[in-house]
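Morning, everyone. I will take a few minutes on one model, so please have the sequence and the structure up.

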Amino acid sequence: MNSIMNSTYLRRAATFCAGCALTVAAFCGGQNPAIAGEQHNIIANRIMQLQQSSQRWIEIDLSRQKLIAWEGNKSVYAVFISSGKSSTPTRTGTFAVQTKYRVARMTGADYDVPDVPYTMYYDGGMAIHGAYWHNLFGNPVSHGCTNVAVNHAKWLFEWASVGTPVVVHKSQV
């Protein structure tokens with residue numbers, strides 16, 4: 001019984017500390033402190049809400065180039081990603097999976113990629129998807145999407161559903 005109470009207490013304390021750290025980071029960094037602080041607070045509050053639930057959600061940490069699948073406050077899957085390069089950055093914020101496609105065609109001004117596997121759009125044209133055309137995970141190389149290896153994209157696609165929250169942020173490395 002004591003170990004359960006200690007475990008619950010430690011989880012709540014860790015969640016509180018994480019929220020405090022994100023709040024402090026929001027006020028201490030960024031080009032425009034008012035706007036950056038507001039967005040960091042929104043993201044920090046959303047993370048705390050999701051960790052206090054039993055809901056499935058996806059965290060994308062752009063600073064660490066890592067995606068973590070969560071069920072409440074328990075991480076269930078973690079992979080390296082390739083997010084947007086500096087000229088085509090991945091937007092930060094709180095989103096939700098809007099649509100899912102086993103295979104999609106992705107086009108832009110300077111690319112046309114057929115048969116993109118396990119695509120989950122979460123913010124307009126931004127998606128989490130498999131990338132068969134490179135093996136540079138851990139490095140920002142995309143046009144704004146979140147690239148993962150195809151086998152990881154398949155797992156995420158099967159685990160997540162339309163409506164699954166997606167939180168994209170930059171951590172203090």
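Let me start with a question: which strands does helix α3 lie across? Helix α3, residues 150–159, lies across β1, β2 and β3. Relative to β3, helix α3 runs at about 150°. Before I go on, a reminder that this is a predicted model.

Now the sheet under discussion. It is an open sheet of five strands, and the pairing is mixed. Reading across, the order is β3-β2-β1-β9-β4. The edges are β3, residues 74–80, and β4, residues 93–96. Each of these two has a single partner strand, so one side of each is left without a neighbour in the sheet. On average, neighbouring strands of this sheet are turned by 20° against each other, direction ignored.

Strand β1 covers residues 56–61 and strand β2 covers residues 66–71; they run antiparallel and are joined by six bridges. Within that pairing, Ile-58 has Ala-69 in β2 as its bridge partner, and Asp-61 has Lys-66 in β2. The two strands form a hairpin with four residues between them. In that turn, Gln-65 has a positive phi of about 50°.

Moving on to the other side of β2. Six bridges join β2 to β3, and these strands also run antiparallel. Leu-67 stands opposite Val-79 in β3. The hairpin of β2 and β3 has two residues between the strands, and there Gly-72 takes a positive phi near 65°.

Is Asp-61 buried or exposed? Asp-61 has a relative accessible area of 7%, and buried means under 20%, so Asp-61 counts as buried.

What does the side chain of Asp-61 reach at 3.0 Å? The answer is the backbone nitrogen of Ser-63. Leaving aside neighbours within four places in sequence, Asp-61 is in contact with Lys-66, His-169, Lys-170 and Ser-171.

Definitions and conventions. Residues are numbered from 1 along each chain as its sequence is written. This is a predicted model: local features need pLDDT of at least 70, side-chain atom pairs count only at pLDDT 80 or more; totals for chains, interfaces and linings use all residues. Side-chain values use heavy atoms; hydrogens and water are left out. Two strands pair if DSSP finds at least two bridges between them. Axes are lines fitted to C-alpha atoms, for helices over the stretch in contact, and angles run from 0 to 180 degrees between N-to-C directions. Contact means heavy atoms within 4.5 Å. Buried means under 20% relative accessible area, exposed over 50%, partly exposed in between (1.4 Å probe, protein chains only). A polar contact is a pair of N or O atoms within 3.5 Å; within protein, one must be able to donate a hydrogen and the other to accept it, and residues adjacent in sequence count only if both atoms are side-chain atoms.
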